[in-house]
Amino acid sequence: MYTGFILGYIIEDKFINFSTEKSKRTVSIFTNKKAKTSMKTRVLRFVIGIITLGAVYGLLKYLSVMIFGANTSESILWIVDYIRYTLIALWGVAGVPFLFKVCRLD
């Protein structure tokens, strides 16, 4: 899983640059107040993030069972699980913020 976190962090930092803070935007050009993300946007981001993370987890679990089945050696299954959890962490760290940027939920 650490591999997914590290790769996700690098990808998110270099290419996506998602931030939950709105420090660059202000409410008005005449005030110094920072714009806040609405509660609706935050809840929507949470729901979309949890649903897509669960979908990626379920899809990768289903694919690993369908492709490798029960007759595969235990060492191969460990490698498959390592790759699966790496992809899940990668999606959580870089994929979901990218999805938020595409959907304009930043």
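Which residues does Arg84 touch, not counting residues up to four places away in sequence? The structure examined here is a predicted model, in which local features need pLDDT of at least 70, side-chain atom pairs count only at pLDDT 80 or more, and totals for chains, interfaces and linings use all residues. Residues are numbered from 1 along each chain as its sequence is written, and side-chain values use heavy atoms, with hydrogens and water left out.

Arg84 touches Tyr57, Leu60, Lys61 and Ser64, with residues up to four places away in sequence not counted; contact means heavy atoms within 4.5 Å. Arg84 lies in helix 3. Helices (H or I, at least four residues) and strands (E, at least two) are DSSP runs, numbered from the N terminus. With a relative accessible area of 5%, Arg84 is buried. Buried means under 20% relative accessible area, exposed over 50%, and partly exposed in between (1.4 Å probe, protein chains only). Arg84 also lies over the face of Tyr85, at 4.6 Å from the ring centre. A charge sits over a ring if NZ of Lys or CZ of Arg is within 6 Å of the ring centre and within 35 degrees of the ring normal.

Helix 2 was examined next. At 1.5 Å a residue, the 30 residues of helix 2 should span 44 Å, and the end C-alpha atoms are 43 Å apart, which agrees. The expected span of a helix is 1.5 Å times one less than its number of residues. Thr41, Arg45, Gly49, Thr52, Leu60 and Ser64 are buried in helix 2, and the buried residues of this helix pack against helix 3.

Aromatic rings were then considered. Two aromatic pairs are found in a search of the whole structure. Phe18 and Phe100 form a tilted pair, at 5.6 Å centre to centre and with 50° between the planes. Rings of Phe, Tyr and Trp (its six-membered ring) pair if their centres lie within 6.5 Å; planes under 30 degrees apart count as stacked, over 60 as edge-to-face and the rest as tilted. Because Phe18 lies in the loop between helix 1 (2–16) and helix 2 (39–68) and Phe100 in helix 3, the pair ties together parts that are 82 residues apart in sequence. Phe18 counts as buried at 17% relative accessibility, and Phe100 counts as buried at 8%. The rings of Tyr57 and Tyr85 have their centres 6.4 Å apart and their planes at 35°, so this pair is tilted. Tyr57 lies in helix 2 and Tyr85 in helix 3, so the pair ties together parts that are 28 residues apart in sequence. Tyr57 is partly exposed at 36% relative accessibility, as is Tyr85 at 29%.

The largest nonpolar core has six residues, namely Ile16, Phe18, Ala94, Val96, Phe100 and Leu105. A nonpolar core is a set of buried Ala, Val, Leu, Ile, Met, Phe, Trp, Tyr and Cys residues joined through side-chain atoms within 4.5 Å. Helix 3 gives the most to this core, with three residues. Ala94 is found in helix 3 (residues 74–102) and is buried, with a relative accessible area of 5%. Leaving aside neighbours within four places in sequence, Ala94 is in contact with Gly8, Ile11, Glu12 and Ile16. The C-alpha atoms of Ala94 and Asn17, 77 residues apart along the chain, are separated by 9.5 Å.
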